[in-house]
Amino acid sequence: MNRGIYIIANDKVTDQAIALLNSIRLHDADTPVVMIPYDDNYHAIADILGKNYGVKIYEDLDFIARLSQRLYETFGGQFFARPNQFRKQACWFGEFDEFLYIDTDIVVFEKIIDNLNYLKNTDFICCDYQHLGGIKNVFNSQVLEDKVFTKDEVKEIFNGGFWGSKKNLISENDLYETFAECASHPEYFDFSEKTSDQPIINYMLLKRIPRRFNIVRREGKAPGNWGGTPHFQTQGNTLFDPTVNQQLQYLHWAGIKIQPGCPYWETWEYYRNLNPGIPAAAIPAPVKKSQWQQTVDNIKNQVKQLRSK
C-alpha cells in the first residue's frame with residue numbers, strides 16, 4: 001500500500017507551493033508528493049519543488065488533457081470561473097493507492113499524511129466545517145426541493161481544498177457521467193461566488209461514494225482550519241483553536257489573498273521562508289485606497305445592488 005500527497009500548481013502560485021512544501025517537509029521528510037500541472041506554465045515551479053522537496057510531476061499528462069477537453073465539451077468555456085481546478089481529479093488515477101489532495105493556499109502543522117489512517121474504516125475523508133454554512137457555495141435549494149439529496153446528506157458537503165481517498169474509487173466514466181448530469185441541471189449549483197469544481201465534486205461524492213468521513217466529527221471534535229476564522233491563537237509557529245483546546249492540523253486561506261496584512265500573515269510568511277536555500281518571498285503590501293477611491297467603490301457597489309434587485 002503506497003501513500004502520497006497530490007497538489008495542483010503552476011508558476012503563478014510558486015510562493016504558496018513553497019510554503020506548503022516547507023510545512024509538509026518540516027513534519028515529514030519521506031512522504032512522496034506529486035504535482036498536477038494547473039496549466040502549461042508550470043516548469044519553473046516544478047524545477048524548484050523537484051530540487052528542494054523531491055516533488056514529481058504527474059505522469060499521465062494525456063489523461064489531464066482528456067479531462068480538460070471533456071469538461072469543455074460538456075460545459076462550454078464560460079460555466080466555471082477556474083475550470084482547470086478540475087484537474088485535481090487526476091488524483092483518482094495516479095500512482096498512490098491512498099492519497100491526500102492539498103491546495104497550495106494551505107500550510108500544515110502535523111505529519112498530515114497520517115490522516116489517511118481513517119481510510120481503514122471509510123473510503124473518503126475531508127476535514128472542514130464547510131457544512132456549518134449550509135449549502136452556500138455548493139448547492140442551491142433546488143436540490144432539496146427536487147429531492148436530489150436529503151437535508152442530512154447535504155450536511156456532508158466539504159471544501160475541495162483538502163481531502164483524501166483511494167485510487168480508482170472513481171472511474172473516468174464516473175467523472176464524465178457526473179459532468180453530464182450536472183450540466184443538465186445548472187439550477188442545482190451555487191456558483192454565485194465563483195467557485196469552480198467544488199459544487200460538482202460534492203455532487204459526485206454524495207452520489208457515488210457512500211462511505212465518507214469528515215474528520216471534524218471525530219470523538220473530541222477537531223479544530224477549525226479556515227484562515228478567515230478570527231479566534232485562532234498563535235503558539236510559536238503553529239495555531240491553536242481554543243474552542244476545542246487543540247492545535248490546528250492545517251490552515252487554509254480559502255478565498256483570502258495571501259499578502260501582508262491578511263489573516264495570519266506572519267504564520268504563512270514563516271513557512272514560506274523556512275528553507276534558507278530559496279530566496280525569501282517579496283510580496284508587496286496592498287496599496288491603501290484613498291478616501292476618494294473608497295467613496296467611488298461604495299457608489300459602484302450601491303448601483304450594482306440596485307441593479308440586482
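This is a predicted model: local features need pLDDT of at least 70, side-chain atom pairs count only at pLDDT 80 or more; totals for chains, interfaces and linings use all residues.
**Exercise 1. Classify two aromatic pairs**

Task: Which type of aromatic pair do Trp92 and Phe99 form, and which type do Tyr118 and Phe213 form?

Solution: 
- Step 1. Start with the two things you need: a pair of aromatic rings is described by the distance of the centres and the angle of the planes.
- Step 2. For Trp92 and Phe99, the centres sit 5.6 Å apart and the planes make 85°. Planes over 60 degrees apart count as edge-to-face, so that's the label for Trp92 and Phe99.
- Step 3. For Tyr118 and Phe213, you get 5.4 Å centre to centre and 40° between the planes.
- Step 4. Now check the surroundings. Trp92 has a relative accessible area of 0%, so it's buried, and Phe99 is buried at 0% too. Tyr118 comes in at 26%, partly exposed, and Phe213 is partly exposed at 24%.
- Step 5. Tyr118 is in the loop between β5 (106-108) and β6 (124-126), while Phe213 is in strand β8 (residues 212-214), 95 residues apart.

**Exercise 2. Zoom out to the rings**

Task: How many aromatic pairs does the structure hold, and which residues do ring pairs link into a cluster with Trp92?

Solution: 
- Step 1. Count over the structure: there are 24 aromatic pairs.
- Step 2. Follow the ring pairs and you pick up a cluster of Tyr6, Tyr58, Trp92, Phe96, Phe99, Tyr101, Phe124, Phe158 and Trp163.

**Exercise 3. Trace the partners of Arg208**

Task: Which side chains meet Arg208 in a salt bridge, and which residues make up the network?

Solution: 
- Step 1. Look at Asp174: its side chain meets that of Arg208 at 3.0 Å, N to O. Arg208 lies in helix α6 (residues 197-208) and Asp174 in helix α5 (residues 172-183), so the bridge ties together parts 34 residues apart in sequence.
- Step 2. Then try Glu181, which forms a salt bridge with Arg208 at 3.3 Å, N to O.
- Step 3. Compare the cover. Arg208 is partly exposed at 24%, Glu181 is partly exposed at 29%, and Asp174 is buried at 17%.
- Step 4. Join up the bridges that share partners, and Asp174, Glu177, Glu181 and Arg208 come out as one network.

**Exercise 4. A salt bridge between loops**

Task: Are Asp103 and Lys88 buried or exposed, and where do they sit?

Solution: 
- Step 1. The search of the whole structure finds 13 salt bridges. Asp103 and Lys88 form a salt bridge, with their closest N and O atoms 3.7 Å apart.
- Step 2. Asp103 is in the loop between β4 (98-102) and β5, and Lys88 is in the loop between α3 and β4, 15 residues apart.
- Step 3. As for cover, both Asp103 and Lys88 are buried.

**Exercise 5. Find the charged patch**

Task: Which residues gather in a patch of negative charge on the surface, and where is Asp60 found?

Solution: 
- Step 1. The patch brings together Glu59, Asp60, Asp62 and Glu95.
- Step 2. Asp60 is in the loop between β3 (56-57) and α3 (61-75).
- Step 3. Patch residues need over 30% relative accessible area; Asp60 is partly exposed at 35%.

Technical notes: Residues are numbered from 1 along each chain as its sequence is written. Side-chain values use heavy atoms; hydrogens and water are left out. Patches are made of residues with over 30% relative accessible area and no salt bridge: like charges are joined within 9 Å, nonpolar side chains (Val, Leu, Ile, Met, Phe, Trp, Tyr) within 5 Å. Accessible areas come from the Shrake-Rupley method with a 1.4 Å probe; for residues, only the protein chains shown count as cover. A salt bridge is a side-chain nitrogen of Lys or Arg within 4 Å of a carboxyl oxygen of Asp or Glu. Lys and Arg count as positive and Asp and Glu as negative; His and the chain ends are not counted. The place of a charge is taken as NZ of Lys, CZ of Arg, CG of Asp or CD of Glu. Helices (H or I, at least four residues) and strands (E, at least two) are DSSP runs, numbered from the N terminus. Buried means under 20% relative accessible area, exposed over 50%, partly exposed in between (1.4 Å probe, protein chains only). Rings of Phe, Tyr and Trp (its six-membered ring) pair if their centres lie within 6.5 Å; planes under 30 degrees apart count as stacked, over 60 as edge-to-face and the rest as tilted.
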